[in-house]
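This briefing is meant to be read beside the sequence and the model.

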Amino acid sequence: MNLSGIFVAAKPEWLPSVVAELNALPGVEVHQVDEATGRIVVVQEAADIPAEIEGLKRIKALPHVVTAEMVYHYLADDRQVYDDLPAELVEQDSPACAVPAYLND
Amino acid sequence: MGLSRRDFLKTSIAASTAATVGMPVAKQAAAAVKASEAGWQWDKAVCRFCGTGCGIMVATKDGQLVATKGDPDAPVNRGLNCVKGYFNGKIQSGKDRLTQPLMRMKDGKFDKKGQFVPVTWEQAFDEMERQFRRVYAEKGPTGIAMLASAQKTIQEGYAFNKLFKAGWRSNNIDPNARNCMASAVAAFYSVFGTDEPAGNYDDIEYADTMVLWGANMAEMHPILWSRVTNRRLGHKAARVINLTTFRNMSSDIADLEIIFKPQTDLAIQNYIAREIIARNAVNWDFVNKHCVFATGPYDIGYGMRPTDKFAFPAEKDVQERERRVKLDKYEAIAQRRTEGEIVEQKNTANPAAHWLITFEDFKKAVEPYTLDFVAELAKGDPDEPLEQFKAKLKQLADHYIDPQRKVVSFWTMGFNQSVRGTWVNEQCYMNHLLLGKQSQPGNGAFSLTGQPSACGTAREVGVFCHRLPADRLIPNPAHRAFTEKQWNLPPKTLNPQIGSFYAKILRDLEDGSVKWLWVAVNNPFQSHPNINHWLKAARELDNFVVVSEAYPGVSAKVADVILPSAMIFEKWGSYGNAERRTQHWRQQVMPPGQARADIWQAMEFSKRFKIKDFWGEQKVPGLKAEGYEDGKLPSVLDEAVKMGYSPEDSLYKVLFATPANLKVRWPDAVAKGHPNHVATLLGDGWFPEKALWQEYVPFTRGDGKDLADFDVYHGDKVRGLKWPVVDGKETGWRFNEQYDPYVKKGAGFEFYGKLFKAIPTGDLDKVTDPKPVSVAGKAKIFFRPYAAPVEQPDANYDLWFCTGRVLEHWHTGTMTRRVPELHRAVPAAVLWMHPDDAKARGLKRNDLAWVESRRGKVQIRVETGGRNAMPRGYTYAPFFDEGVLVNRICIDAACPISKESDYKKSAVKVYKA
């Protein structure tokens, strides 16, 4: 489960449309809005972490969004980061210790 | 119906996020946070990546990292994190993390040609020791070296510095900060007499104009950039100017983008100075009270080797310019000489020499830098009309000169990584000083840093071949004596001869003068320019290379022994950021497997040596210093015995576990239950990170560099402190009476740094009166001329090539490439080039091309769009990708004053692969 808390700031006069566009993005939920200052808190859920980074880039690219940055990163259920190791880094079979193949090729 | 766990978590994450950025949180949401974070321990820490120094909060549960978030109380980032910072929690748990020492073995023995095999720490240290003793016996203190790092913690830097300089009497320890910040340091020394910026990040919120000189902040310092963009959008008068050699992401919000030709920033700075004088805008009250004018020699070479003995055949023509240079048309005008004149480079040995000149001479020197001359020289985009470029230069000068505008200049590697890096730093101060726009909120020249502790570790501790802690210098007898006293060393233990700087250590490895090398927390065999030479030196010659690493990078691959290191939250530590802010953190989790902190590695290895091994007479080729026999360090053993040492005492006992340090006990209440694997492994009951901190701070106090006590930084409410910390108060703006307690009352401003404050007098060409004149309390306004890059495109190598970072990756990518999501965002380095240049070579986007220079070649994919837009004639590729070692291409020329490599200006040809 890839969950992150993202802080978004928009120009206050554009807030309603920014909120609507945020909610329309897949996996994005607007949780809190401060109408006076244009500050928004969203939680993003994504299938994997690349999708999450792409998601952040999508938010940054929305019209009238001034800032969008990660604030909170939930790691607890998300320890399997390395399913997809680049081929050169796959470890050698060795009973004593894993020596990455990269080092000995 | 209750919330599902996922919804519950989301509510909790939203509430935490809101609280972090200072938004109100509903009662119900607060309850959700409380429930989902039950049993978590939150603690403050610092980001491990760039020099910004963002505060992050780290949560652990049952010895595991469970969450990270921006620290709402951190004044630097106010709760935000950039993409790199977001991954602080993940970089520690890569599947290919090195968790056991590895050594090249054949038939059960160390063998340079062997394969890596897991060994015990004991076996690894045994071989390191055996090789160390062999080399030390043959070569003495100059035969060993360390390539150190601005990513070491302050205590690690301090421990290795002491081990090398006091224990082994070798000054051959130099950090990767040499290639990052050395030009900035050299200019802080020459202009102010003391290192590090006057201002701080709050300048952003006071400034009207922010000028970026070769600093792509949008990609390289995203959190500072968010503060810049907030200022730009929230303050009507605020403007951003981006000076760069190609369009980058920082141009998106810039009001004025100036694309200039590489190294002509030297000319643009002088144009501004000329305008300040021509428009009668010199702040004479400030200049007369607080400044003097100065200059130095121009014929200082390009920081290359003095000989071409080791050069590849194709390198020899450029190498020749280290000895003599034929002036081109622009240099001739800029240096008041004749085109085609051959200038012997006579001042390569003493490039930093400088002397006082008059204002009249200064004015005469900048006179050639007219708008017409500078615009013709500096225009970087061949497709931009000259008149438009001129108008932009004029606007730039307007911004600096307008008395109503507060101006901050930011720079990083664009200035520093240049064969004239020190000069262009000095020029930036030149204009701020002429205008009196320095050391005030919103007004100042501000050098940003690239690494998390370039300031704290490398610069403040003096982990350089010529430095000692807190602005002290190896060649200065008083500074050595002070250090010997602090460290309880017999007089003349320290070696008075400057050691080898970073590039020279690698050159020494190639020419056989260094044969035992320890590399820690940096990746020289990927990141240093012209690596074909250094790869050969490490692998093919009879040298022994130890690499302390967390992940298998290029340097680990070329090592003989790899030591597995603990990473940031697996150890206690502290970093110092670009605004003089020192921040500490506690160990949060245990390192995996047998990985151990570098500070443990230094101290455990030191147990194997006795003072009698080093403190007897030692040969040091070329040593010449007052009070020393030529070529020799004296024996200090008799004096050591008088001081109560035994020749049989170990370096560990004499340097680290001293009686005073052993009194600083572990466990300590300041830990609040957090572990310390270093204290536990050493097992003698002391708290090394705290004891060494307390041993270090007296170096800083009373000298304008004051640091606070260890426990102060660990206070719950403290989020780092900007030094000097005097009477418990940090200092916002140095040299300004209103903020800096070191400035004399009534002075207004005082540039009180002590280094290089007695200099001779001369004219623009030479010293006329060698008698030193005191310029105490004053800053120097330097005249430095335009000089052409040492290598420029020609008929054969017809394109510029520049290298640097990208947002998602950090340096050589040994950490960030372990996070596959970052890996995929920018899967492999690409070569950015102009579509017309690509087309002319039969190339299009995504084609595979060769990039070739005098030094080597690499294959890379072509990119003609994306985040960077090259003018015709320019190419750029980042250096993070170990599959595309762009440093095979880059020239290893450097600023002769700072010895910082010029990564930004190589000449290449590009053709279809």
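Which residues are buried in H6(B)? They are B:Ala182, B:Ser183, B:Ala184, B:Val185, B:Ala186, B:Ala187, B:Phe188, B:Tyr189, B:Ser190, B:Val191 and B:Phe192, where buried means under 20% relative accessible area, exposed over 50%, and partly exposed in between (1.4 Å probe, protein chains only).

This is a predicted model, in which local features need pLDDT of at least 70 and side-chain atom pairs count only at pLDDT 80 or more, whereas totals for chains, interfaces and linings use all residues. Residues are numbered from 1 along each chain as its sequence is written, chains are lettered from A and ligands numbered from 1 in the order in which they are written, and side-chain values use heavy atoms, with hydrogens and water left out.

**Chain B as a whole**

- The secondary structure of chain B consists of 33 helices and 36 strands; helices (H or I, at least four residues) and strands (E, at least two) are DSSP runs, numbered from the N terminus.
- Chain B is as compact as a globular protein of 913 residues, because its radius of gyration of 27 Å is close to the 29 Å given by the globule rule. The radius is taken over C-alpha atoms, and the rule is 2.2 Å times the number of residues to the power 0.38.
- Along the principal axes, the C-alpha atoms of chain B fill a box of roughly 85 × 70 × 70 Å.
- Of the 913 residues in chain B, 69% are buried.
- Among the contacts in chain B with a separation of 6 or more, 73% are between residues 24 or more positions apart; contact means heavy atoms within 4.5 Å.
- Chain B has an accessible surface of about 29,100 Å², and 52% of this belongs to carbon and sulfur atoms. Accessible areas come from the Shrake-Rupley method with a 1.4 Å probe, and for residues only the protein chains shown count as cover.

**Domains of chain B**

- The domain assignment lists domain 1 (1-38), domain 2 (39-89), domain 3 (110-181 + 463-713), domain 4 (190-304 + 343-448 + 755-782) and domain 5 (799-912); such bounds come from an automatic or database domain assignment.
- Domain 3 of chain B and domain 5 of chain B have C-alpha centres 33 Å apart. Their contact takes 23 residues from domain 3 of chain B and 23 residues from domain 5 of chain B.

**Helices with buried residues in chain B**

- Helix H6 (residues 182-192) of chain B is mostly covered, with eleven of its eleven residues buried. B:Gly193 follows H6(B) and has a positive phi, near 80°.
- Helix H30 (residues 688-696) of chain B is also mostly covered, with eight of its nine residues buried. Its buried residues include B:Trp693 and B:Tyr696, as well as B:Glu689, B:Lys690 and B:Glu695.

- B:Val408 lies in strand S16 (residues 407-411) of chain B and counts as buried because its relative accessibility is 0%.
- Beyond four places away in sequence, B:Val408 touches residues including B:Asp203, B:Met210, B:His432 and B:Phe446. The C-alpha atoms of B:Val408 and B:Gln438 are 8.7 Å apart in space, the two residues being 30 apart in sequence.
- B:Lys571 is located in the loop between strand S22 (561-564) and strand S23 (573-576) of chain B, and counts as buried because its relative accessibility is 7%.
- Leaving aside neighbours within four places in sequence, B:Lys571 is in contact with residues including B:Glu156, B:Trp585, B:Arg586 and B:His677.

**Backbone geometry**

- Most residues other than glycine have a negative phi, and most peptide bonds are trans.
- B:Trp666 and B:Pro667 are joined by a cis peptide bond with omega about 0°, and B:Pro667 is in the loop between helix H28 (659-662) and helix H29 (677-682) of chain B.
- Another cis peptide bond joins B:Trp723 and B:Pro724, with omega about -5°.
- B:Lys672, not a glycine, has a positive phi of about 50°; B:Lys672 is partly exposed, at a relative accessible area of 45%.
- B:Lys899 has a positive phi near 65° and is partly exposed, at a relative accessible area of 23%.

**Chain A**

- Chain A has three helices and four strands, which run β-α-β-β-α-β-α from the N terminus on.
- Of its 105 residues, 53% count as buried, and chain A exposes about 4,600 Å².
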